[in-house]
Amino acid sequence: MSTMASGAKLEASHAPKAATAPAPAKKVHYPFWFGGSASCFAAAVTHPLDLVKVRLQTRGPGAPSTMVGTFVHVFKNDGFFGLYSGLSAAILRQLTYSTTRFGIYEELKAHFTSPDSPPGLFTLIGMASASGFIGGMAGNPADVMNVRMQHDAALPPAQRRNYRNAIHGLVTMTRTEGPASLFRGVWPNSTRAVLMTTSQLASYDTFKRLCLENLGMSDNMGTHFTASFMAGFVATTVCSPVDVIKTRVMTASPAEGRSQSIVGLLRDITRKEGFAWAFRGWVPSFIRLGPHTIATFIFLEEHKKLYRLLKGL
């Protein structure tokens, strides 16, 4: 009996151990400002492309109609630094708009989801829509200034506003046009922000998950590049019509802004340009938004990677 018992113990000691359940993934809470910081880095890289997009969307008779032509025109007339006209407003916009939308989106994901049960597409869309709307409201004054400063050099000298920087522009606009001018175009802008945040953030998370779970890719820069490239394509297409309307409204003179509604603007540009206006400037928009989206998410992922490294996570 003792021999049989000892044999049983020996077999038990050599028997394969039952597989232990993997430890649950640890939820990491990142700082609220990471999205705004990453977007500022991206804006500094892609600002000339954004400027060309605005010039194409608001070009007058005789102005270049191609992206390359607009680049050359700006460079010839305003020099290299002309391509960075309005950069201070672009940075201010990212500090308000992108910090708000990214921050709220990440907070909502952190509070209402867990690593073990990632949110579905419709949940992501709902979170992104709320985040984008609030971000659009918060960033509207800086967005008006960004568009105006980029468009200013394209105007005849007598019509230029000549803002020295974003803060000077906000103060001047408030004094001459009233505080309400800071929120000119706020509804198309907030609508665009909803569409942008939904098509950019929610689609990035969705494409990233597809890369990791369905394509067998690793969580590295290649995956981040692929997911952000696809997110940029989706965002450009979804946002193009609202982006054109927003630019037209924000660059309008005070008299035009008061006299024409959004419906009136839609009617007029459809009558003059047909429905092609909805995708006017799509190529420069994608050439600008694609790299901006890629840069934003790569910078954001690097922010997170450095944060985990510093925290030992």
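Start by selecting Thr223. With 0% relative accessibility, Thr223 counts as buried (under 20% relative accessible area, with exposed over 50% and partly exposed in between, using a 1.4 Å probe and protein chains only). Thr223 lies in helix H8, residues 221–250 (helices are DSSP runs of H or I, at least four residues, numbered from the N terminus). Now show its contacts, meaning heavy atoms within 4.5 Å. Beyond residues up to four places away in sequence, Thr223 touches Lys208, Cys211, Leu212, Met217 and Ser218.

A note on the model. It is predicted, so local features need pLDDT of at least 70 and side-chain atom pairs pLDDT 80 or more, while totals for chains, interfaces and linings use all residues. Residues are numbered from 1 along each chain, and side-chain values use heavy atoms, without hydrogens and water.

Next, select H4 (residues 87–112) and H11 (residues 282–311). They pack at an angle of about 60°, with axes 14 Å apart (axes are lines fitted to C-alpha atoms over the stretch in contact, and angles run from 0 to 180 degrees between N-to-C directions). On the H4 side, pick Arg93, Gln94, Phe102 and Glu106. On the H11 side, pick Arg288, His292, Thr296, Phe297, Leu300 and Lys304.

Stay on Leu300. Leaving aside neighbours within four places in sequence, Leu300 is in contact with Phe34, Gly35, Ala38 and Phe102.

Finish with the largest nonpolar core, which has 15 residues (a set of buried Ala, Val, Leu, Ile, Met, Phe, Trp, Tyr and Cys residues joined through side-chain atoms within 4.5 Å). Phe102, Phe297 and Leu300 are among those with the most contacts inside it. H4, H8 and H11 are among the elements giving two or more residues to this core.
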